[in-house]
Amino acid sequence: MSKPWFADIILPLAVRGRFTYKIPDDFLNKVYPGYRVTVQFGGKNLYTGIVCRIHNETPSYKTVKEILSVIDDSPSINENQLGIWNWISEYYMCTEGEVMKAALPSEICLNNFKPRLDAYIQLAGKLTDDELNMLLDKLGRAPKQLEALLSYLRISGYSEGDEIKPVAKQLLLKDAGVSPAIIESLVTKGVFAISSLPVTRLSQSGNSYEPVKQLSEAQSMAFDSIKSQFKEKDIVLLDGVTSSGKTEIYIHLIDEQLKAGKQVLYMLPEIALTTQIILRLKKHFGSVTGIYHSKFSDAEKAEIWQKVADTETANSYRLILGVRSSVFLPFTNLGLIIIDEEHDGSYKQQDPAPRYHARDTAIMLAALHKAHTLLGSASPSIESYNNAVIGKYGLAFLKERYGMIKLPEIIIGNTREAYKRKLMVSHFTPELLYAMDEALGKEEQIILFQNRRGFSPYIECSECGWIPVCIQCAVNLTYHKGIGRLVCHYCGYSSAMPTHCGSCNSTGMVTKGFGTEKIEDEIKLVFPAARVARMDQDTTRRKNSFNKIIRAFEERRIDILIGTQMISKGLDFENLTVVGILNADNLLNYPDFRAHERSFQLMEQVSGRAGRRQKQGKVIIQTSDPQNKIIRLVLRHDYETLFRLQSEERKTFKYPPFCRMVKISIKHKDKSQLNYFSDILGTDLKNAFGKRVLGPESPVISQVQLWYIKTILIKIEREKPPAKAKQLIFESIERLEKIPGASSVKIAIDVDPY
Ligand code: ADP
Ligand code: ZN
Ligand code: ZN
């Protein structure tokens with residue numbers, strides 16, 4: 001008798017270890033790595049899992065369950081995807097199931113990941129406005145049919161003379177809130193026709209391609225340098241000042257890859273940035289260009305997957321512009337990954353697991369595809385620049401702005417001085433007001449950056465100093481004037497604005513500090529004639545809200561745009577000449593070893609938005625500490641010195657990139673239990689790692705959603721094999737989990753925390 005066959009299966013669970021199931025005889029030769037199967041796990045729960053290995057090593061546990069059904073007849077997940085899932089789970093110390101959950105749009109988990117061939121509805125024939133009105137009148141007696149037709153017209157945007165566009169039947173049913181029978185009757189009446197093409201739900205672009213722009217001399221040199229370094233090195237860092245034309249260089253490299261039949265992934269840290277770049281890409285590469293981010297619905301995500309996976313069809317996506325999660329798409333043939341603004345912290349996922357860094361994951365992904373990676377930045381991360389300096393990465397420079405425009409002039413607005421001399425108007429220094437006034441006079445546009453949303457970060461009793469905090473988290477509640485409520489930015493809890501102090505009952509509650517909402521109010525008072533808009537998390541909840549604001553600014557329907565970090569990077573506006581950084585102090589004073597690096601990058605990035613065409617821009621940095629060494633460096637755009645100082649500091653105090661860090665967060669709903677368990681874990685880890693262990697400590701935010709938090713930081717030398725250290729950490733955690741009562745502790749591991 002031949003040996004039985006088994007399959008190791010990834011299930012979307014946070015349970016450590018692999019799950020092995022027996023392959024029943026019926027399914028032999030029908031199950032392969034990358035196939036989706038249905039299995040039972042824990043009680044009666046059924047799960048869709050992904051087969052990752054076939055073997056005949058009988059597992060050690062007593063009862064081995066069988067695979068219940070096989071969903072696919074070809075792999076849904078390719079070998080490189082399985083490879084990257086496995087790498088993430090090992091490097092970031094999470095389960096492959098957690099990676100699977102983050103990677104797969106839920107439609108693909110739910111089996112219906114096949115193109116819906118006949119699920120599209122369209123008008124049976126073109127109608128004039130008159131014919132359409134008559135039809136609508138006639139359907140007045142059949143309100144549900146009318147609703148279906150109106151939905152169709154709304155979704156497809158049909159009007160007289162237009163081409164007829166198909167609309168997904170599912171979408172139509174949902175939008176109109178009618179049953180399939182209603183659609184059927186409209187088909188019978190000859191109003192609708194069913195189209196059987198695998199047409200797309202996603203809007204498609206036209207086919208008029210523009211040739212790529214000719215590179216300037218400096219750009220050509222950088223381009224040649226990148227290409228020649230790619231002969232020796234897989235990764236090259238492009239260190240190019242803002243508005244030097246990095247994007248144009250990317251476009252040239254993409255052009256070459258597409259012509260060679262390869263796929264390209266172009267990554268950006270923020271959804272807001274995709275709005276402008278996608279247009280620049282589509283102009284040259286047309287409909288092979290796709291976009292991927294979290295604001296798409298699951299159905300749309302599944303379709304994008306399909307179009308990346310199907311490399312054969314004419315309308316497949318071969319160039320993807322995406323944020324963090326686009327590293328999970330089913331690429332088969334990548335030639336190049338571009339990571340723009342590579343220094344950006346948004347590339348790191350914080351919560352939940354997998355806590356992966358998309359830049360580092362993309363580098364691994366490129367290696368699996370034997371593709372190249374190009375990192376781009378005007379202020380590279382200390383990590384990447386260090387890799388370039390030690391020769392691990394190639395390094396190319398682009399030190400002048402396109403068109404030889406000078407980098408913006410940086411002016412300090414000294415808030416301490418201005419307050420003393422009573423020259424402040426609301427939160428604005430005379431320097432900023434002067435520059436704004438001048439720009440508005442010339443009909444130029446302005447961006448004001450403030451890294452806090454809401455009206456004021458906290459409110460306070462003017463009698464006794466009481467500050468309302470979240471009932472679930474140890475954080476001050478932010479006042480949002482638009483909705484008239486206090487909101488917790490960590491858990492979303494909100495409460496009415498109190499009329500009385502919760503401690504002394506006085507009525508003297510006052511708002512403190514300022515966020516984007518307050519700046520918007522004040523600016524409207526100072527410049528009543530200006531058109532003012534705001535871009536932050538609160539104004540961009542809907543999928544197309546970024547586009548709307550960015551378009552309005554491009555079309556000069558906005559004079560002053562106020563925003564958080566989402567306006568700070570990458571955007572390219574022709575008529576924007578003045579940028580104000582309203583409060584540099586709260587960037588610089590953040591208690592974190594990356595605070596100086598980050599504030600330099602942020603100020604350099606925001607400044608980079610000003611004066612990108614024709615003439616030099618102006619940046620006003622408001623601070624109470626003009627002598628601050630980071631601000632002095634920003635004044636000179638002096639990244640080299642920043643890198644040198646940061647490197648020295650991090651070597652001395654043992655921080656990345658000169659050591660690895662693993663952060664363990666321990667959470668418990670009871671404070672004394674938390675102290676008890678975190679002390680045990682801390683002591684246990686110290687036995688293995690000695691002085692490399694810091695903590696347990698209370699983090700800045702020590703309670704979120706009723707969970708008290710402590711953190712332990714482990715610093716591991718670069719030279720030591722990380723796998724060994726990770727094993728020791730897991731062993732410590734497993735010992736902790738065996739202690740009675742430990743099941744109420746939550747533990748989160750974060751490798752390379754940000
Ligand atoms: P970066 O990505 O370095 O910030 P961009 O690629 O956005 O810079 O370039 C800044 C501006 O200059 C853009 O509007 C871009 O279209 C324009 N530009 C850059 N290079 C060229 C070129 N070779 N030909 C024409 N326009 C260019
Ligand atoms: Zn909260
Ligand atoms: Zn009070």
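This is a predicted model: local features need pLDDT of at least 70, side-chain atom pairs count only at pLDDT 80 or more; totals for chains, interfaces and linings use all residues.
Residues are numbered from 1 along each chain as its sequence is written, and chains are lettered from A and ligands numbered from 1 in the order in which they are written. Local features need pLDDT of at least 70, side-chain atom pairs count only at pLDDT 80 or more, and totals for chains, interfaces and linings use all residues, while side-chain values use heavy atoms, with hydrogens and water left out.

**Exercise 1.** State how many salt bridges the rule gives, and examine the pair Lys 22 and Glu 66.

*Solution.* Step 1: a salt bridge requires a side-chain nitrogen of Lys or Arg within 4 Å of a carboxyl oxygen of Asp or Glu. Step 2: the count by this rule is 39 salt bridges. Step 3: Lys 22 and Glu 66 form a salt bridge, with 3.9 Å from N to O. Step 4: Lys 22 belongs to strand E2 (residues 19-22) and Glu 66 to the loop between strand E4 (46-55) and strand E5 (69-70), so the pair ties together parts 44 residues apart in sequence. Helices (H or I, at least four residues) and strands (E, at least two) are DSSP runs, numbered from the N terminus.

**Exercise 2.** Determine whether Glu 270 and Lys 569 are buried or exposed, and locate both residues.

*Solution.* Step 1: the side chains of Glu 270 and Lys 569 meet in a salt bridge of 3.1 Å, N to O. Step 2: Glu 270 is found in the loop between strand E10 (263-267) and helix H10 (271-285), and Lys 569 in the loop between strand E24 (560-563) and strand E25 (576-581), so this pair ties together parts 299 residues apart in sequence. Step 3: buried means under 20% relative accessible area, exposed over 50%, and partly exposed in between (1.4 Å probe, protein chains only). Step 4: both Glu 270 and Lys 569 are buried.

**Exercise 3.** Describe the accessibility of Glu 717 and Arg 692.

*Solution.* Step 1: Glu 717 and Arg 692 meet in a salt bridge at 2.9 Å, N to O. Step 2: Glu 717 is partly exposed, with a relative accessible area of 27%. Step 3: Arg 692 is also partly exposed, at 28%.
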